[in-house]
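Subject: Structure handover

Hello,

Here is the structure for your files. My notes on the helix contact and the aromatic rings follow it.

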Amino acid sequence: MEYILQNTYILWLVFAGFCFLVEAMGIPGAGFLFAGMGAITTGGLLSFGMIDSTNTEIEQLAVFFASTCVWTAILWPILRNKNKGDDLDDFINIKGQEAVITEGAIHKGKVGKIAWSGTTMKAKLSNDCPLDSIEDGETVIIDDMVGITAIITTPQASN
């Protein structure tokens, strides 16, 4: 135990591992990745003698918080834009496909449910749909997607 207290970098590296574990298994997106990187940086600086291990805990915490801020500034823009190529409006494989109304009729202006390709999803009637409602079990065509809601119409209206 005395060895660990004399080599505080070990505590920082253990704390980094804990942060990565929480990020991976517990609360992703809460910043534990950045805190873990800050802890690794602090532990590394202590290990290589770049900061003195006899520094008080307050000084080590200051290095930790500063390095966490630096890692956040470096990694946040990269992680925020990692899915930029995945456009949610790019549902090429779903537009024009048939689906079936489930869980009751869908009325114009209201959200209902459709079954498509083995999944149930939200759906609304298109403004161009000639009907005010479509009954449960009827086949519809998916015209568009708005977020995760399918915009549907009747097969006759889509022709």
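Buried means under 20% relative accessible area, exposed means over 50%, and partly exposed lies in between. Please keep in mind that this is a predicted model.

By that scale Phe15 is partly exposed, because its relative accessibility is 32%. Phe64 has 8% and therefore counts as buried. The structure holds five aromatic pairs. Phe15 and Phe64 make up one of them, edge-to-face, with 5.7 Å centre to centre and 70 degrees between the planes. This pair links distant parts of the chain: Phe15 belongs to helix H2 (residues 9-26) and Phe64 to helix H4, 49 residues apart. Both rings also belong to one aromatic cluster, formed by Trp12, Phe15, Phe64 and Phe65.

Another aromatic pair is Phe34 with Trp76, also edge-to-face, at 6.3 Å centre to centre and 65 degrees between the planes. Phe34 sits in helix H3 and Trp76 in helix H4, 42 residues apart. Phe34 counts as buried because its relative accessibility is 9%, while Trp76, at 45%, counts as partly exposed.

On the helices: the axes of H3 (residues 32-47) and H4 (residues 57-80) come within 7 Å and cross at roughly 130 degrees, so H3 is oblique to H4. The crossing is right-handed. Residues of H3 in the contact include Phe34, Met37 and Leu45, and those of H4 include Phe64, Trp71 and Trp76. By class, the contact has 13 nonpolar, seven polar and no charged residues.

Regards

Conventions. Residues are numbered from 1 along each chain as its sequence is written. This is a predicted model: local features need pLDDT of at least 70, side-chain atom pairs count only at pLDDT 80 or more; totals for chains, interfaces and linings use all residues. Side-chain values use heavy atoms; hydrogens and water are left out. Axes are lines fitted to C-alpha atoms, for helices over the stretch in contact, and angles run from 0 to 180 degrees between N-to-C directions. Helices (H or I, at least four residues) and strands (E, at least two) are DSSP runs, numbered from the N terminus. Angles under 35 degrees count as roughly parallel, over 145 as roughly antiparallel, 65 to 115 as roughly perpendicular and the rest as oblique. A crossing is left-handed if the near helix is turned anticlockwise from the far one by less than a right angle, and right-handed if clockwise. Contact means heavy atoms within 4.5 Å. Ala, Val, Leu, Ile, Met, Phe, Trp, Tyr, Cys and Pro count as nonpolar, Asp, Glu, Lys and Arg as charged, and the others, Gly among them, as polar. Rings of Phe, Tyr and Trp (its six-membered ring) pair if their centres lie within 6.5 Å; planes under 30 degrees apart count as stacked, over 60 as edge-to-face and the rest as tilted. Buried means under 20% relative accessible area, exposed over 50%, partly exposed in between (1.4 Å probe, protein chains only).
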